[in-house]
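This report considers a metal site, a boundary between domains and a set of charged pairs. The sequence and structure are shown below.

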Amino acid sequence: MNAERTDTSYRAWLDIEPTSDFSIYNLPYGVFNRNGKKRVGVAIGDYVLDLAELHEAGMFAGTAVAGENVFARHCLNDFMSLGRAAWGQIRQRLLELLDADNSELSQRQPLRDRALIRMREVTLEMPVEVADYIDFYTSREHASNVGRLFRADAALPPNFVYMPLGYHGRSGTIFVSPHKVRRPKGQYRPDPTKPPIFGPTQRLDFELEVAFVVGQASEEGVPIPVDHARDYIFGAVLLNDLSARDIQQWEYQPLGPFLGKSFATVISPWVVPLAALEPLRVPGVKQEPEPLPYLRLAEDWAFDLHLEAWLKTVEMDAPTRLTKTNFRYLYWSVAQMLAHATINGARMRVGDLFASGTVSGPTPDSLGCMLELSQAGRSPVLLPSGETRAFLEDGDQITLVGYGDVEGRRVGFGECVCTVVTAD
Ligand code: CA
């Protein structure tokens, strides 16, 4: 193995469109299903590379995964649990096997045909068995806008600039894209002078977020230092935190989000490794006041990732873009989320998921949910079809996309798609 080469010196022997999210610089991990059999694979261009097949052919000899085939599994958890050194070895090996100068796979039939499968021929499954799920609230713009819309008296909560705020969500209702979500029912109180009513939510919303997958466990009672995050964060996905705003508004005080959020959360199927995001590292938003010592960063932990949300209604022939924003706008970083989530001694488990919170930017076209885009329904969004939207209607399809540019090639997530289905 050649440890001297940088990731961006590799050139794939496959043809990959320049607009593909899955360039050789990316190599995201997922779980695919072909003929009822689930296995771990890596996305490359329009293909899935079957890692279990490569393992059986001895292609990972001499690496940390050489023993048991951790890729012949229904989730990434066993592979992730091997740790950062193993993640690095496998990424390095995959870069070699896909490199134009290497013939170990490109010239080896029939292994090449067996291991390289067109993505359209497989079904993508949940990549991770999610252990615990935390939804953070790290966009200052989103927190300020929601503060204004939900509570006329207060914009940004006073604790926001001191710690990454979050709540523990529900891991059992996280689904992989594409997902159909049935409009949830619940209690809400449209008229604050009258008792609540029960019925299908009238204010169904999406939230454009990025979520990080924890790939290493930590011990109870031992906080993870902020500068050790690389040992724990395996990779990232897109996440749509579906929200019923009317249910949320009626229930959220005093204990926070509950049934307004727990019915469904959707993630994209490919986990982009942290190593692939390294070239996209940029300085984050200036933190003022300076965070407490356990949250102080010694290096940059923001990522230049372009994010978009698209809407297609039943009436429309093609989707329209609702928002374009950037992950670098977030106030708190994933390293700080991890340090904060464990500072009380709480342990982390393999498969824990940390969502960033809605990624809203500073401009009106960079808002990451309908609540903000429509000013809580007061200014419905006008669509190219002539329709308007304050919140999501039945049949609406929301697609989240996101990618970074690495030397003219993309490191992207693919799509995170969710369609709204009529309530029972
Ligand atoms: Ca959220």
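**Accessibility and model basis**

A residue is called buried when its relative accessible area is under 20%, exposed when that area is over 50%, and partly exposed in between. Lys38, at 36% relative accessibility, is therefore partly exposed. The model discussed here is predicted.

**The calcium site**

Four side chains coordinate the calcium ion: Asp135 and Asp241 through OD atoms, and Glu207 and Glu209 through OE atoms, at 2.2 to 2.3 Å. Along the chain, these donors follow the spacing D-x71-E-x1-E-x31-D. Because Asp135 belongs to strand β6 (residues 133-136) and Glu209 to strand β13 (residues 208-214), this pair ties together parts that are 74 residues apart in sequence.

**The boundary between the domains**

The domain assignment divides the chain into domain 1 (7-125) and domain 2 (133-302 + 327-364). The centres of the two domains, taken over C-alpha atoms, are 30 Å apart. Contact involves 25 residues of domain 1 and 19 residues of domain 2.

About 1700 Å² is buried between domain 1 and domain 2, and carbon and sulfur atoms give 71% of this area. Of the area that domain 1 buries against domain 2, Met80, Arg84 and Trp87 supply 32%, more than any other three residues.

Polar links across the boundary comprise four residue pairs in polar contact and one salt bridge. A salt bridge joins the side chains of Arg84 and Asp231, with an N to O distance of 2.8 Å. On the side of domain 1 that touches domain 2, at least two residues each come from β1 (29-34), β2 (37-44), α2 (77-80), α3 (84-98) and β5 (123-125).

**Salt bridges elsewhere**

The structure holds 31 salt bridges. One of them pairs Lys38 with Glu125 at 3.7 Å, N to O. Since Lys38 lies in strand β2 and Glu125 in strand β5, the pair ties together parts that are 87 residues apart in sequence. Glu125 counts as buried, at 17% relative accessibility, whereas Lys38 is partly exposed.

Arg230 and Glu299 form a further salt bridge, at 2.6 Å, N to O. This pair links distant parts of the chain, with Arg230 in the loop between β13 and β14 (233-241) and Glu299 in the loop between β18 (281-282) and β19 (302-303), 69 residues apart. Glu299 is partly exposed, with a relative accessible area of 33%.

Definitions and conventions. Residues are numbered from 1 along each chain as its sequence is written. This is a predicted model: local features need pLDDT of at least 70, side-chain atom pairs count only at pLDDT 80 or more; totals for chains, interfaces and linings use all residues. Side-chain values use heavy atoms; hydrogens and water are left out. Donors are N, O and S atoms within 2.8 Å of the metal (3.2 Å for Na, K and Ca); water is not among the atoms, so sites may look incomplete. Helices (H or I, at least four residues) and strands (E, at least two) are DSSP runs, numbered from the N terminus. Domain bounds come from an automatic or database domain assignment. Contact means heavy atoms within 4.5 Å. Buried area is the accessible area (1.4 Å probe) that two parts lose on being put together, summed over both. A salt bridge is a side-chain nitrogen of Lys or Arg within 4 Å of a carboxyl oxygen of Asp or Glu. A polar contact is a pair of N or O atoms within 3.5 Å; within protein, one must be able to donate a hydrogen and the other to accept it, and residues adjacent in sequence count only if both atoms are side-chain atoms. Buried means under 20% relative accessible area, exposed over 50%, partly exposed in between (1.4 Å probe, protein chains only).
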